[in-house]
Amino acid sequence: MSLDSITQSVDKAVSGFFEPIATWLGEIVFYSVPVGGTQLPLIVAWLVVAGLVFTGWFGFVQLRKFRLAVDVVRGKYDEKGSTGEVNHFQALTAAVSGTVGLGNIAGVAVAVSIGGPGATFWMILCGLLGMATKFVEVTLGVKYREVHADGTVSGGPMHYLPKGLADRFGKNGKTLGKVLAVLASFFVLFFGLFGGNLFQVNQSYAQLVSVTGGENGLMGGSAGALFFGILIAALVGIVLLGGIRSIASVTSKLVPAMAGIYIAACVVVIAVHVTAVPAAVSTIIEGAFNPQGVAGGVLGALIIGFKRAAFSNEAGLGSAPIAHSAVKTKHPASEGLVALLEPFIDTVVICTMTALTIVIANPASYVEVRKGGESIGGVTITSDAFATVLPWFPYILTIAVMLFAISTVLTWGYYCMKAWTHLFGRSKASEVTFKVFYTLFAVAGSLLTLQTLIDMADAVLFLLAVINIIGLYLLAPVVKRELNSFLAFVKRRDAGLDTDEDTDQEPVKTTV
């Protein structure tokens, strides 16, 4: 029996078993209601409303404190002797690497194809709102993190939900928090294995095959797939062994590189079509309030833009606080401010650059889809847009996809390990077992699709957003106190006072 037939049999068997479960869960999590002639997924509304609430609650913190956030990333407010494993910049790039990926390339193309250019406007707005949500969840992640005896750090919803709720509501809050922590750990682990690992490897392999002669080319067939899977698994395994310091070291170089390559290509296309920029911007703004050929009109364009942004930047899903919790700081809100830059980079900058490039280049594939023609894969539309100026772009796109995929696999590997150790105990044997298990999934990614499990993983991750945001609402007063404390520290530091021995923060709980 050939390797191809074995993998096809496994795919078919797994899909057949899990498809009813995935369908049932997807119908619940992504349940939609008819609004103005289109369908509104309630989970998207849940995420957007959270962004609105936290934006108001913290007085547009994402706008007022944007410059301060940049200063914190630059290290202006670093303190000697801070507990943690990585600096602010490394924590930011590690978290960004988990969100910036194929969705920024293919997902945005689908959004502007279905929702029209106007979807870009609403996508930007949702990204701006998500900045406030990210600020809240990451502040809590650092506030309630655990620093272990060996200096490593664990954080995320599996920590701030039980500890925070216990602090605010006593015994009942502690019991509820423990239940939510177990669920959060399971959700993160399940998505990480299939969405953060297998899917990323599978899609990057597919792109590599497409530029090396297709199924009959150099990388086509089971041998090429197995080689690619082993290569990626080896790279991921080596980095994972080093923990968050190793991951942060890699992503702090990889994320700027991949973002730089991609944005540079966007700038080239836009520069060549520079005379079309004013008209494109006008089309985006006009399309936001007067879209043509979009089901549901303005509301339809709004929902599609919000959906793309919510699915892209993961604000409110509870994943990013796991990476940010490892930061070296005495003030939790300092990293919360750093984290609000994440949706800005992911959605406001990279997603918008993709959308603007497509609208300006106006490739034939995009025009065909907008006219109601046969649906075309999002990555094809994006690639065609770049090809109007850079005919060799598919090769550059392949490099970008590889970088996106590897960085995402690495970051989700760290997220999953923290979820795994919360569920099964933190020991050397437990961590090694997980790393081997996760690495084998990377090999499987090039051989299997397991699309049903990937769809199920998406539903599970957004189910996490339901319990996570409830916790964020309940713990928002804690975040307010932390923000005020950090702003007071900033005021003293700016006044030239020696605050390295600042003692207004409670010591972080250390565990073995």
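Reader: Is Phe17 buried or exposed?

Author: Let me start with the idea. Buried means under 20% relative accessible area, exposed means over 50%, and partly exposed lies in between (1.4 Å probe, protein chains only). Phe17 has a relative accessible area of 58%, so Phe17 is exposed. Before we go on, two notes on the model. This is a predicted model, where local features need pLDDT of at least 70 and side-chain atom pairs count only at pLDDT 80 or more, while totals for chains, interfaces and linings use all residues. Residues are numbered from 1 along each chain as its sequence is written, and side-chain values use heavy atoms, with hydrogens and water left out.

Reader: How should I read the chain as a whole: how many helices and strands does its secondary structure come to?

Author: You will find 20 helices and five strands. The chain's radius of gyration is 22 Å, close to the 24 Å that the globule rule gives for 512 residues, so the chain is as compact as a globular protein of that length. That radius is taken over C-alpha atoms, and the globule rule is 2.2 Å times the number of residues to the power 0.38. Along the principal axes, the C-alpha trace spans about 60 × 60 × 40 Å. The accessible surface of the chain comes to about 20100 Å², and 66% of this belongs to carbon and sulfur atoms.

Reader: And the inside: which residues touch the most other members of the largest nonpolar core?

Author: In soluble globular proteins, nonpolar side chains tend to be buried together. A nonpolar core is a set of buried Ala, Val, Leu, Ile, Met, Phe, Trp, Tyr and Cys residues joined through side-chain atoms within 4.5 Å. In this model, buried residues make up 58% of the 512 residues in the chain. The largest nonpolar core has 159 residues, of which Phe135, Leu140, Phe194, Leu337, Tyr415, Tyr438 and Phe486 touch the most other members. Helix α20 gives the most to this core, with 21 residues.

Reader: Leaving aside its neighbours within four places in sequence, which residues is Tyr415 in contact with?

Author: Contact means heavy atoms within 4.5 Å. With those neighbours left aside, Tyr415 is in contact with Ala94, Ala95, Val188, Ser319, Ala320, Ile322 and Ala323. Across the chain, among contacts between residues at least 6 apart in sequence, 83% join residues at least 24 apart.

Reader: Now for charges. How many salt bridges does the count come to?

Author: A salt bridge is a side-chain nitrogen of Lys or Arg within 4 Å of a carboxyl oxygen of Asp or Glu. By this rule there are four salt bridges. One of them joins Glu342 and Lys134, whose closest N and O atoms are 3.1 Å apart. This pair links distant parts of the chain, with Glu342 in helix α15 (residues 341-361) and Lys134 in helix α7 (residues 119-143), 208 residues apart. Glu342 is buried, with a relative accessible area of 0%, and Lys134 is buried, with a relative accessible area of 0%.

Reader: What parts does the pair of Glu482 and Lys143 tie together?

Author: Glu482 forms a salt bridge with Lys143, and their closest N and O atoms are 3.0 Å apart. Glu482 lies in helix α20 (residues 451-494) and Lys143 in helix α7, so the pair ties together parts that are 339 residues apart in sequence. Glu482 is buried at a relative accessible area of 8%, while Lys143 is partly exposed at 25%.

Reader: Last one: which residues does His159 touch, not counting residues up to four places away in sequence?

Author: His159 is in helix α8 and is buried, with a relative accessible area of 8%. With those sequence neighbours not counted, His159 touches Tyr144, Glu146, Ser154 and His422. Glu146 also forms a salt bridge with Lys163, the closest N and O atoms being 3.2 Å apart.

Key. Helix = DSSP H or I, 4+ residues; strand = E, 2+ residues; numbered from the N terminus. Areas by Shrake-Rupley, 256 points an atom, 1.4 Å probe, with all protein chains shown as cover.
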